[in-house]
Amino acid sequence: MTNEDMQNGFDYDVVVVGGGPAGSTAATLLAQHGHKILLLERDKHPRFHIGESMLPFSEPVIQRLGIDWSEGNQFKSGAVFIDENTDQRMYFPLSVYRKTYQLERGPFDQRLFENAAKHGVETRQEEKVLEVDCRAEGVDIVSDKGRYRCRYLVDASGRSALMGKSDRSIARIENLGKFAVYTHYENIQPSEEADALFESGSIYVPVVDIGWIWIIPLSGRRLSVGLVVQKERPKDCEVEELLWRYLADSPILNRLLDGAKQFAPVRVEADFSYSNQRRHGLRYACCGDAAGFLDPVFSSGVFLAFTSAARVADRIHQGFLEGREADPELHAVDDDDYMLGFNTMRMFVERFYQSNIVHNLFFEADRDPELKDQIARLLSGDLWVDNNALQKSLLAGRHMSG
Ligand SMILES: Cc1cc2nc3c(=O)[nH]c(=O)nc-3n(C[C@H](O)[C@H](O)[C@H](O)COP(=O)(O)OP(=O)(O)OC[C@H]3O[C@@H](n4cnc5c(N)ncnc54)[C@H](O)[C@@H]3O)c2cc1C
């Protein structure tokens with residue numbers, strides 16, 4: 001910060017709200033650019049978070065953060081979509097040019113948060129931001145422990161969507177998954193099915209009549225297992241019972257879970273898929289889930305969090321250099337570009353639910369190597385390109401606002 005900034009009463013260049021992947025990334029990169037950053041997290045790390053399957057195109061951001069995400073984590077070679085009724089399986093290799101992993105979010109998010117501190121970010125946990133006021137002269141922030149004044153705000157508050165909720169700019173994306181119910185198992189016994197799963201480290205996605213199931217192998221022969229429901233819940237069935245019903249009906253899970261031990265509670269997440277219509281404005285920008293959240297069928301959440309946070313951080317730095325920090329359109333060009341990737345994923349997820357994509361496209365891809373490659377590139381997060389015919393057709397399929 002300059003002397004002039006101090007005279008303006010700024011405590012920090014940037015305050016980042018939320019110490020998940022998006023917030024820790026934005027804070028670290030801004031600190032690497034030489035700015036004075038405060039990162040506020042309302043919980044205490046390691047805190048539980050769902051979202052364990054990563055995409056390889058996160059790797060460039062991971063490298064900038066200077067961490068080794070292979071450490072202690074299960075290698076993920078690809079994604080397997082399955083119809084258990086016909087016993088059809090389609091494998092898409094994902095860790096081809098770049099590698100990726102299945103990881104437990106508690107320790108991983110803690111590492112990202114601590115990594116921010118190592119890069120000079122001032123980090124505080126168990127401090128919740130209550131209010132922000134973004135004006136032309138600066139940003140005022142009130143938390144449950146203090147007040148701060150800064151030049152810029154990054155909202156990385158996840159699905160709490162601090163700015164989106166106060167601006168009433170959250171637009172639901174209808175007709176995707178409605179809720180998820182999930183749990184975790186350990187002590188997965190050796191078997192042909194289990195050994196193949198842990199060797200490849202792939203995510204298995206069996207499609208079922210009311211949605212889809214995730215089976216994610218984690219290090220230490222543990223499994224994350226969840227059901228995402230698109231339809232209304234059957235009236236005669238509690239959410240937890242629904243999970244047991246679908247796990248019991250799955251031959252693959254019967255084989256995998258034989259002799260295994262459930263070690264985590266059953267958890268439920270609702271409030272799926274939305275886009276924040278005002279992702280940036282006067283002296284603020286949103287990233288990660290605070291900018292938008294998609295049904296997790298293609299495991300895109302953390303990848304989008306890394307990608308959007310890196311863009312926001314680099315643009316704020318550029319804005320400071322150019323004296324454009326009070327320009328409400330500072331992020332407009334980046335945001336348009338980012339939404340190309342977000343909307344590709346959105347259309348892909350919409351197709352998954354609306355056109356029986358697994359049968360009509362994924363299983364067909366076995367006979368069409370070009371199509372298989374196009375799908376694998378989307379599933380890897382290779383979204384900012386202009387040579388993927390499938391991506392072009394997805395984006396041409398429907399005009400989408402913000
Ligand atoms: C059922 C389900 C399955 C998923 N599966 C996957 C998957 O397999 N792969 C994948 O990549 N993604 C998955 N996701 C999505 C993924 O978890 C998110 O996209 C990702 O965590 C986004 O990171 P973030 O940093 O934006 O938000 P978060 O990780 O949610 O971090 C936000 C942080 O902000 C803090 N916070 C919120 N409000 C405040 C406040 N007012 N003051 C201070 N701190 C605050 C929160 O405590 C939190 O730590 C899944 C999501 C769900 C719901």
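Which of the 36 residues around the ligand come nearest?

Modeller: Please bear in mind that this is a predicted model. Of the 36 residues around the ligand, those that come nearest are Gly20, Gly51, Gly158, Gly288 and Gly301. Two helices each give two or more residues to this shell, namely helix H2, covering residues 21-32, and helix H9, covering residues 301-322. H9 supplies the largest share of the shell, with four residues.

The protein is divided into two domains. Domain 1 is made up of the segments 3-74, 103-173 and 273-397, while domain 2 spans 179-269. Taken over C-alpha atoms, the centres of domain 1 and domain 2 are separated by 28 Å. Where the two domains meet, twelve residues of domain 1 are in contact with 14 residues of domain 2. On the side of domain 1 that touches domain 2, four residues are nonpolar, five are polar and three are charged.

Two packed helices are described by the angle between their axes and the distance between the axes. Helix H10, residues 332-354, and helix H13, residues 389-397, have axes that come within 9 Å and cross at roughly 80°. An angle from 65 to 115 degrees counts as roughly perpendicular, and therefore H10 is roughly perpendicular to H13. H10 makes this contact through Asn343, Thr344, Met347, Phe348 and Arg351, and H13 makes it through Gln391, Leu394, Leu395 and Gly397. The residues of the contact of H10 with H13 comprise four nonpolar, four polar and one charged.

H13 also packs with helix H12, residues 369-380, at an angle of about 70° and with the axes 8 Å apart. That angle makes H12 roughly perpendicular to H13. From H12, the contact involves Leu371, Gln374, Ile375 and Leu378, and from H13 it involves Ala389, Leu390 and Gln391. The residues of the contact of H12 with H13 divide into five nonpolar and two polar, with no charged residue.

Notes
Residues are numbered from 1 along each chain as its sequence is written. This is a predicted model: local features need pLDDT of at least 70, side-chain atom pairs count only at pLDDT 80 or more; totals for chains, interfaces and linings use all residues. Axes are lines fitted to C-alpha atoms, for helices over the stretch in contact, and angles run from 0 to 180 degrees between N-to-C directions. Angles under 35 degrees count as roughly parallel, over 145 as roughly antiparallel, 65 to 115 as roughly perpendicular and the rest as oblique. Two residues are in contact if their C-beta atoms, placed from the backbone, lie within 7 Å. Ala, Val, Leu, Ile, Met, Phe, Trp, Tyr, Cys and Pro count as nonpolar, Asp, Glu, Lys and Arg as charged, and the others, Gly among them, as polar. A residue is near a molecule or strand if its C-beta atom, placed from the backbone, lies within 6 Å of it. Domain bounds come from an automatic or database domain assignment.
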